[in-house]
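Student: I have a model open and want to learn how to read it. Could you take me through it?

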There are 2 protein chains.
Amino acid sequence: MAEVIDIEDPADGRVDDFRDLSSADRRPDLPGRKGLVIAEGVVVVQRMLESRFRPSALLGVGKRYEQLAEDLADVDVPYYRADPEVMAEVVGFHLNRGVLAVAPRPESLRVDEVLATARTVAVLEGINDHENLGSMFRNAAGLGADAILFGDRCADPLYRRAVRVSMGHVLRVPFAQLPTWPDGLELLRAGGFQIIALTPNPAAVNLATAMTGQRVALLLGAEGPGLTEEAMAATDIRARIPMSPGTDSLNVATAAAMAFYERVRLS
Amino acid sequence: MAEVIDIEDPADGRVDDFRDLSSADRRPDLPGRKGLVIAEGVVVVQRMLESRFRPSALLGVGKRYEQLAEDLADVDVPYYRADPEVMAEVVGFHLNRGVLAVAPRPESLRVDEVLATARTVAVLEGINDHENLGSMFRNAAGLGADAILFGDRCADPLYRRAVRVSMGHVLRVPFAQLPTWPDGLELLRAGGFQIIALTPNPAAVNLATAMTGQRVALLLGAEGPGLTEEAMAATDIRARIPMSPGTDSLNVATAAAMAFYERVRLS
């Protein structure tokens with residue numbers, strides 16, 4: 001059962017892991033620093049509690065503790081209870097979600113672990129926008145994609161903003177880093193995955209007819225530059241979403257959602 | 001041909017329409033104020049120039065004028081040219097897109113105008129988030145939806161943030177306000193549209209099999225509350241996107257994209 005500890009002094013060292021969250025140079029959630037993973041709000045904290053991420057402490061107002069009491073019944077961590085003003089001074093801004101949980105980063109999952117039973121996975125190259133990453137995980141969770149693999153030049157999915165935009169699903173949808181790029185795609189090919197590049201190129205095969213594999217890996221690049229030629233060349237097929245003339249490509253997380261949807265649309 | 005006028009004094013009254021864009025109480029793009037529509041960046045300005053929105057002036061740096069010179073060849077409006085610092089003082093923040101165009105609001109389109117040749121339309125209830133609205137228009141443009149209709153309690157699609165997030169597609173995808181709600185849906189029924197409520201309810205019909213009409217109108221409500229019962233009751237069928245257990249509903253613009261995609265997936 002979580003122990004409730006009242007915090008009255010914003011300078012209290014026990015809440016240092018929650019301090020100055022939006023101050024870029026002191027933020028505890030950046031890789032290379034403490035590397036902490038931060039969950040914000042009741043729903044995301046609940047998802048963290050159900051995940052492989054084990055919180056070391058929570059900071060929140062009394063009302064949020066009441067909402068989380070059941071979830072915290074078997075969890076042996078301190079709940080630092082503070083009023084909203086003290087919390088705002090610690091965190092550095094007014095947090096209207098009213099509760100935070102902080103967890104150390106667990107060991108990374110291995111590629112073979114995340115692929116073991118996967119049927120549909122996304123493989124990302126150059127996705128360096130935390131909001132797009134967060135949306136990608138939310139869409140993967142909602143539409144039944146099983147894992148996300150990181151190729152090259154992607155942002156940190158455990159960054160606070162990505163966790164929040166994903167609604168906590170970065171804590172649930174397994175992800176792993178490919179050891180090399182694009183050669184690491186061979187791990188997928190060896191696992192029987194059909195490797196599909198998603199591209200706005202009108203000469204590509206229609207997405208709906210391209211995805212014929214039992215197991216499918218969808219390669220997605222950043223909006224604008226798209227996938228590199230090296231990555232494209234390592235795939236089995238190039239697929240397009242039917243787009244209207246004179247429009248841009250879709251947002252990358254939305255494009256991924258179309259492909260995930262295509263895999264489950266009749267289920 | 002646009003006339004280039006150099007602005008050296010940030011207080012120059014000729015650029016008042018571009019002043020203090022992020023200061024909530026002085027912002028010129030709010031309804032009830034000047035009601036101006038603002039396009040930011042070369043691509044969105046180009047879309048405005050191709051749209052029914054007729055800019056009355058542009059403000060930008062010299063380099064952006066060069067990029068737009070061809071588009072502005074037949075446009076008789078002033079291009080207020082300023083260096084980035086002067087521009088930042090006028091606008092109230094540093095605008096890294098480097099160019100703005102401002103247009104008065106044209107007369108609203110009528111429902112019958114936007115429906116005339118439409119095959120797929122979205123009808124929105126309670127969508128009051130500008131970012132979601134912008135994404136909705138971007139997805140509609142990309143995936144060939146023909147129009148957006150506003151039911152009840154939606155935010156202003158011509159708000160600056162919505163224009164930006166839509167990448168200018170609010171200026172291209174026609175939209176209109178239904179005169180009454182939900183009775184106004186009868187205008188769609190009279191036009192032969194199949195009226196479909198999108199809902200996370202697992203008891204609803206699968207989206208892929210629900211959309212049987214030649215003409216389809218998709219009703220979408222806000223994330224969280226969803227559609228009101230009154231709106232639901234006025235539809236022909238309730239449809240669901242297949243979702244994984246234990247996840248939230250999708251973002252409303254993403255959910256709309258699935259439905260738009262379903263309409264064009266084999267094209």
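The dialogue below goes from whole chain to single residues.

Student: What ground rules apply here?

Tutor: This is a predicted model: local features need pLDDT of at least 70, side-chain atom pairs count only at pLDDT 80 or more, and totals for chains, interfaces and linings use all residues. Residues are numbered from 1 along each chain as its sequence is written, chains are lettered from A and ligands numbered from 1 in the order written, and side-chain values use heavy atoms, leaving out hydrogens and water.

Student: How many helices and strands does chain A have?

Tutor: Helices (H or I, at least four residues) and strands (E, at least two) are DSSP runs, numbered from the N terminus. Chain A comes to ten helices and twelve strands.

Student: What share of chain A is buried?

Tutor: Buried means under 20% relative accessible area, exposed over 50%, and partly exposed in between (1.4 Å probe, protein chains only). In chain A, 58% of the 267 residues count as buried.

Student: And contacts across the sequence?

Tutor: Contact means heavy atoms within 4.5 Å. Take the contacts in chain A between residues at least 6 apart in sequence: 73% join residues at least 24 apart.

Student: How many charged side chains does chain A carry?

Tutor: Lys and Arg count as positive, Asp and Glu as negative; His and the chain ends are not counted. Each charge is placed at NZ of Lys, CZ of Arg, CG of Asp or CD of Glu. Chain A has 28 positive and 37 negative side chains, with the centres of the two sets 5 Å apart.

Student: Which residues does Glu262(A) touch?

Tutor: Glu262(A) sits in helix 10 (residues 252–264) of chain A. Its relative accessible area is 12%, so Glu262(A) is buried. Not counting residues up to four places away in sequence, Glu262(A) touches Ala208(A), Met211(A), Tyr261(B) and Arg265(B).

Student: Is Asn128(A) buried or exposed?

Tutor: Asn128(A) is exposed, at 56% relative accessible area. Asn128(A) lies in the loop between strand 6 (120–125) and helix 5 (130–142) of chain A. Beyond four places in sequence, Asn128(A) is in contact with Arg153(A) and Ala155(A).

Student: What about Ala155(A)?

Tutor: Ala155(A) counts as buried, at 13% relative accessibility. Its loop runs between strand 7 (147–150) and helix 6 (160–165) of chain A. With residues up to four places away left out, Ala155(A) touches residues including Asn128(A), His130(A) and Phe150(A).

Student: Which elements cover helix 1 of chain B?

Tutor: Helix 1 (residues 42–49) of chain B is mostly covered, with six of its eight residues buried. What covers those buried residues includes strand 2 (36–40), helix 2 (62–68) and helix 6 (160–165) of chain B.
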